[in-house]
Amino acid sequence: MQELPIDLDRAGGTPLAVQLADALRAAAAGGALRPGDRLPSTRGLAATLRVSRTVTAAAYDQLLAEGWVTGRVGAGTFVTAVPGPAPADPPVPAGPPPQAVPSVLDPGRPCVAALDRAMWRRAWRAAADTHPDDRPRADGLSSFHEAVTGHLLRHRGLIPPPGTVLTTAGTSAAVAELARLLPAGATVAVEDPGYPRAVSALRAAGLRVVGVPVDDDGLVVDAVPRGCAAVYSTPAHQFPTAVRLSAARRVALVERARAEDFLVIEDDYDGELRYDVAPLPLLAALAPGHVVHLGPASKILSPTLGVGWAVAPPAVVDAWRDLRARTGTRPSPAGQLVLTALAAHGDLSRHLRRLRRELRERRTLVLAAARGAGWAVQGDPAGAHLVLHPPAGERAAVAAAAGRGVAVRGLADYHRGGPRTSGLVVGYAAGTRADLTAALAALVG
Ligand SMILES: Cc1ncc(COP(=O)(O)O)c(C=O)c1O
């Protein structure tokens, strides 16, 4: 570090923290600092430069926010290969991002029609009755953590040990935060096809993302390359193929996580929604020391709440808290209060029963429309989307539907360069049942 050209002008008008951030940024851009280089501790650098630690901490925070450096769990601050995506990554498939299409058949949209408005109003009123908080905790409200613990126990069979629950601002935001806790330039394996927003959150943090194929048993665990820092997966209901990760693959994945010491990010985005058999054990229950379990409120209630939850190993929770303290980010206390109120008197469980009933019936509408048209169907009796296989093929069916005024996504939109599978990804949660029926009629022609 002594060789770095850091020349602070103490008499000038530019704050020392700004000068220091500028000097480090220039060193990273000019090659004097290389990706993976470890920066001195804020305390050590402050002593070397004879400035206060507030100055070095502020400079590091600025570079962290810009993506030039990353905090590694328990290890320090490292120069990343960012800003900009990792160069080794294959290009993301062409076309607008799936979330951009406002369609009744969009698999990303939740079933807000199933929300009982009286229940919703009651919860917001109860949230408004709480005393305004002048210093909400960055890792979330303890009342919310208790509500989530009860929810996970009741609906996901998970018993989070004390101190392992953390509030998030939703799953994509949580993945983006976790990405910053991983080693700079590390490799993360994702499902291919998979959830594009998780992939872009990982790439935006400068991580190298590699696609791993998915088959009828979910993620092909044997195809996960060695040397990954993390594996992101949707085991309960693979997005977008709608299959679940088999019991044998779950065990194989967590055994590899333990043996190779990588983190598994378990995106349990719609795990509460299953319409046949009991769900398989969560990865977080199988290997709590190696799994970060993520759940969003957006899929079972509404993105309006802007919250979700994570259950993570204590070291990850600590590093996550630290990241929040340094970046000043925290999830919405209002959203947490509303969900807490919904959970308090059984409203959330009643809502989930209603939601499951509604979505199970909507699913039968999709099955009837597809089978009536002679289209094959793929997907577990779970969640809020299915994959349909029109005999004319994906591209022709997407174009024909567009011609009839219905936007629908094909599996090609969710692939990342691996071998492509084909089919239509049809969500059935958005809008009213009448909207869905009309869209399905237009889809199958
Ligand atoms: C696979 C998957 N994970 C997570 C989410 C929820 O993400 P967020 O909490 O960012 O809305 C979605 C929403 O569509 C999803 O499809």
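Helices (H or I, at least four residues) and strands (E, at least two) are DSSP runs, numbered from the N terminus. The model is predicted: local features need pLDDT of at least 70, side-chain atom pairs count only at pLDDT 80 or more, and totals for chains, interfaces and linings use all residues. Residue numbers start from 1 along each chain as its sequence is written.

**Exercise A: the whole chain**

Determine how many helices and strands the protein has, and compare its radius of gyration with the globule rule.

Solution. The count gives 14 helices and 15 strands. Next, take the radius of gyration over C-alpha atoms, and the globule rule as 2.2 Å times the number of residues to the power 0.38. The C-alpha trace spans about 75 × 50 × 45 Å along its principal axes.

For burial, count the other C-beta atoms, placed from the backbone, within 10 Å of a residue's own: 20 or more means buried, 12 or fewer exposed, and anything in between partly exposed. By this count 48% of the 445 residues are buried.

For contacts, require that the C-beta atoms of two residues, placed from the backbone, lie within 7 Å. Of the contacts between residues at least 6 apart in sequence, 74% join residues at least 24 apart.

Describe how helix H6 and helix H10 cross, and list the residues that make the contact.

Solution. Two packed helices are described by the angle between their axes and the distance between the axes. The axes are lines fitted to C-alpha atoms, for helices over the stretch in contact, and angles run from 0 to 180 degrees between N-to-C directions. For H6 (residues 171-181) and H10 (residues 314-327), the axes come within 10 Å and cross at roughly 100°. H6 is therefore roughly perpendicular to H10, since angles of 65 to 115 degrees fall in that class, with those under 35 roughly parallel, those over 145 roughly antiparallel and the rest oblique.

H6 contributes Glu177, Arg180 and Leu181, and H10 contributes Val316, Ala319, Trp320 and Leu323. Now sort them by class: Ala, Val, Leu, Ile, Met, Phe, Trp, Tyr, Cys and Pro count as nonpolar, Asp, Glu, Lys and Arg as charged, and the others, Gly among them, as polar. The contact holds five nonpolar, no polar and two charged residues.

**Exercise C: the ligand shell**

Which residues come nearest to the ligand, and how does the shell divide by class?

Solution. A residue is near a molecule or strand if its C-beta atom, placed from the backbone, lies within 6 Å of it. There are 14 residues around the ligand, of which Gly170, Ser172, Phe239, Tyr269 and Pro296 come nearest. The shell has five nonpolar, seven polar and two charged residues.

**Exercise D: backbone geometry in loops**

Solution. Proline 193 sits in the loop between strand E5 (187-192) and helix H7 (196-204). Proline 240 belongs to the loop between strand E8 (230-233) and helix H8 (247-260).

Alanine 242 is in the loop between E8 and H8. Alanine 242 is buried, with 23 C-beta neighbours inside 10 Å.

Is phenylalanine 262 buried or exposed, and which residues does glycine 383 touch beyond four places in sequence?

Solution. Phenylalanine 262 is in the loop between H8 and E9. With 22 other C-beta atoms within 10 Å, phenylalanine 262 is buried. Not counting residues up to four places away in sequence, it touches Cys228, Ala229, Ala230, Val231 and Ala257.

Glycine 383 lies in the loop between strand E12 (376-378) and strand E13 (385-389). Its 28 C-beta neighbours inside 10 Å make glycine 383 buried. With residues up to four places away left out, glycine 383 touches His237, Ala242, Asp270 and Leu273. Arginine 274 is 109 residues from glycine 383 in sequence and 6.3 Å from it in space, C-alpha to C-alpha.
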